[in-house]
Amino acid sequence: MTLDRSGSRIDHLNIAVPDLAAAVAFYEPVLAAIGITKMLEIPPNATPNQPTAMTGFGLADVKPYFWLIDGGTVGTNMHLAFTVDTRDDVATFYRAALEAGAVSLLEPAIHPEYHSDYYGAFVQDPHGINLEAVCHRTGA
């Protein structure tokens with residue numbers, strides 16, 4: 001039996017960025033390359049507890065689960081990995097990220113230090129976040 005490593009109990013994640021427009025301009029084409037779309041744009045002060053603008057990305061017709069929040073500071077050693085279905089999707093993500101202005105950290109490759117089928121690529125986004133696309137499937 002093959003272990004399914006693609007699941008998560010994280011419902012959504014907010015990441016504060018210093019420039020929301022610049023972050024959205026980067027993430028929109030990169031995430032679209034792996035099937036994640038911009039779903040919601042919430043203006044500042046839409047609710048009393050939400051003073052800044054937010055943009056949510058997710059699976060179309062499901063829900064946004066990755067949010068960019070305006071006017072914040074990116075934390076140190078921040079890393080975010082997106083699970084994809086195939087190794088080709090990892091390469092697609094990597095190319096799209098570089099085209100959008102990311103810096104290469106690690107080209108698509110197997111990373112056996114995590115497990116024997118861990119295939120990922122790592123880039124640094126324009127705000128300094130270490131991004132990754134990873135496929136956990138054997139030869140997919």
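This note walks through one protein chain, from its overall build to single residues.

1. **Ground rules.** This is a predicted model, in which local features need pLDDT of at least 70, side-chain atom pairs count only at pLDDT 80 or more, and totals for chains, interfaces and linings use all residues. Residues are numbered from 1 along each chain as its sequence is written, and side-chain values use heavy atoms, with hydrogens and water left out.

2. **Overall build.** The protein chain has two helices and eight strands. Both are DSSP runs, numbered from the N terminus: helices are H or I with at least four residues, strands are E with at least two. In sequence order the pattern reads β-α-β-β-β-β-α-β-β-β.

3. **Size.** The C-alpha trace spans about 50 × 30 × 25 Å along its principal axes. A compact globule of 140 residues would have a radius of gyration near 14 Å; the protein chain has 15 Å, which agrees. That radius is taken over C-alpha atoms, and the globule rule is 2.2 Å times the number of residues to the power 0.38.

4. **Surface and burial.** The protein chain exposes about 7900 Å², and carbon and sulfur atoms supply 53% of it. Such areas come from the Shrake-Rupley method with a 1.4 Å probe; for residues, only the protein chains shown count as cover. Of the 140 residues, 39% are buried. Buried means under 20% relative accessible area, exposed over 50%, and partly exposed in between (1.4 Å probe, protein chains only).

5. **Contacts along the chain.** A contact means heavy atoms within 4.5 Å. Among contacts with a separation of 6 or more, 54% join residues 24 or more positions apart.

6. **The four-stranded sheet.** Strands E5-E8-E7-E6, in that order, form an open sheet with mixed pairing. Two strands pair if DSSP finds at least two bridges between them. The edges are E5 (79-83) and E6 (103-110), and each pairs on one side only. Neighbouring strands are turned by 15° against each other on average, direction ignored. Axes here are lines fitted to C-alpha atoms, for helices over the stretch in contact; angles run from 0 to 180 degrees between N-to-C directions. Helix H2 (residues 87-99) packs on the sheet and touches E6, E7 and E8. The direction of H2 makes about 10° with that of E7.

7. **Strand E7 and its partners.** E7 (residues 119-124) pairs with E8 (residues 130-135) in the antiparallel sense over six bridges. Ala121 has Ala133 of E8 as its bridge partner, and Val123 has Leu131. Five residues lie between E7 and E8 in this hairpin. In the turn, Gly128 has a positive phi of about 95°. E6 also runs antiparallel to E7, joined by five bridges. Five of the six residues in E7 are buried.

8. **The core.** The largest nonpolar core has 31 residues. Such a core is a set of buried Ala, Val, Leu, Ile, Met, Phe, Trp, Tyr and Cys residues joined through side-chain atoms within 4.5 Å. Residues with the most contacts inside this core include Tyr27, Phe57, Leu68 and Leu131. Helix H1 (20-32) gives the most, with seven residues. Leu68 touches Ile15, Val17, Leu20 and Tyr27, among others.

9. **A residue to check: Leu105.** Is Leu105 buried, exposed or partly exposed? At 39% relative accessibility, Leu105 counts as partly exposed. Leu105 sits in strand E6. Beyond four places in sequence, Leu105 touches Phe122, Val123, Gln124 and Asn130.
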